[in-house]
Structures are given as C-alpha cells and as structure tokens.
Amino acid sequence: MIAVYYAPTPNGVKIPIALEELGAPYRLVPVNLGREEQKRPDFLALNPNGRIPVIVDPDGPGGEPVSVFESGAILLYLADKFGGLMPADPRERIRALEYLFFQVGGVGPMFGQAGWFMRQPERITVGIERYQTESRRLTAVLETRLQEARWLAGESFSVADIAHFGWLRVADYAGVRLEPYPAVQDWLQRIASRPAVQRALHPVHAA
C-alpha cells in the first residue's frame, strides 16, 4: 500500500485525489508542518528538499520500494503505474503535460508567493502587486483554455486538472477573486463534485 506523507495544503491534496481517482490503495501519513516535521532527518531522507507531498511505494520498479517527491513527479509516477489520468490520445497527452508543468512552474509558485507576501506583518506592496498580478494573469490563461475545452487536456480529466485544482480552490489565498473567470469556476465545481475528489478531501486513510 502506498504511503502518502501529507498535509492538507494545495500541493498535498493532489496526491490523495489522484489515488482515489485511480482506485489505488493508500494510507495517509500526516506531517505536522507547524512542528516542522518535514525538516526532520527521517523525512529529509525521503525528500531532501523538506516539503510535502512524498510517497513511498513498497512495490516500485523491480518490485523494490521507491520514494517519490515533487507533486508533479508523483502524479506522473502514479498515472504511469496505474494506467490512468493521462489521455490516450497523443495530442491530449501533450496538452495534459503542458498544463501540468504550467501549474508546477507557474500557478503554484506565483499563488504561493502572493499569499506569503499578503500575510507579512510589514506590508511589502511591490511583492504583493507583483505576485497577485501574475497570479491573475495565469488564471486568465486557464480561463481561455477552459472556455474552449471541458478539461485542461481536452475531453479527458487528467493529472493537469488535479494539479491546478489544489491551488484554484483556494485562489483567495493569493488574493485572486474568481468572479471574472466563469469557466474556471465551472471547472472547479465539476471537479469538486467528483466522488473521488470528495473522498480525498475528507480523508479516512490516516495511519
């Protein structure tokens, strides 16, 4: 059974959602970020970057245990292992990869920085404006895509949708209001209503 080192953050929720969608057995190993458990030596042995999520698959390549860190890498590992959440159509697969990396390299870091600057005791206006503006621009890119396609890859729900959902569902953390982005709002509602997503967001698998 795959162990998921987890906290209910925008990045953390991606992995239980993927596993629920894939119908794969897993258990959650809660990591208390406030106590900096992610900085302890046993955790750093799994992820030297000291961040969640991390998975440990006891049945990795060659039947040997393997740990995987970075949410994008984990999503691709799980999609490959269990044969789901990546479109069979080659063009849709390309779109899924594009938007997965769009989230990893753009939406996640920009939303995260915007939220961090907004919550500092000393207001740093240039930082807030820089990251909020970029967060809204990236959301507009998603809006354009979702006005033309049901899912980010096209007709197939994929790892790209899961990756973005974790951050867009808490867009207000970055000071992004979703009223100007109706296609994004509709997409969020469709994802949130999926039974697998509901199960992942209300976990009962904790170790």
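Reader: Trp-151 and Phe-157: buried or exposed?
Author: Both Trp-151 and Phe-157 are buried in this predicted model.

Reader: What is the geometry between the rings of Trp-151 and Phe-157?
Author: The pair is edge-to-face, because the planes stand at 75 degrees and an angle over 60 counts as edge-to-face. The ring centres are 5.0 Å apart.

Reader: How many aromatic pairs does the structure hold?
Author: There are 6 aromatic pairs. One of them joins Phe-117 and Tyr-131, which are stacked with 15 degrees between the planes and 5.5 Å from centre to centre.

Reader: Which helices do Phe-117 and Tyr-131 lie in?
Author: Phe-117 belongs to helix H4 (residues 90-118) and Tyr-131 to helix H5 (residues 125-148), so their pairing ties together parts that are 14 residues apart in sequence. Phe-117 is buried, its relative accessible area being 14%. Ring pairs also link Trp-116 with Phe-117 and Tyr-131 in a cluster.

Reader: Which charged end sits over the ring of Tyr-131?
Author: That of Arg-130, at 5.6 Å from the ring centre. Elsewhere, the charged end of Lys-81 sits over the ring of Phe-82, 5.6 Å from its centre.

Reader: Changing topic, where does Ser-135 lie?
Author: Ser-135 is in helix H5. The side chain of Ser-135 reaches the backbone oxygen of Tyr-131 at 2.8 Å.

Reader: Why does Ser-135 count as buried?
Author: Because its relative accessibility is 0%, and buried means under 20%.

Reader: And what is Ser-135 in contact with, leaving aside neighbours within four places in sequence?
Author: Ser-135 then touches Met-110, Phe-111, Ala-114, Ala-174 and Val-176.

Terms used
Residues numbered from 1 in each chain as written. Predicted model: local features only at pLDDT ≥ 70, side-chain atom pairs only at ≥ 80, totals over all residues. Heavy atoms only, no water. Phe/Tyr/Trp six-rings, centres within 6.5 Å; stacked < 30°, edge-to-face > 60°. Helix = DSSP H or I, 4+ residues; strand = E, 2+ residues; numbered from the N terminus. Buried < 20%, exposed > 50% of the residue type's maximum accessible area, 1.4 Å probe, protein only. Lys NZ or Arg CZ within 6 Å of the ring centre and 35° of its normal. Polar contact = N/O pair within 3.5 Å; in protein donor to acceptor, adjacent residues only side chain to side chain. Contact = heavy atoms within 4.5 Å.
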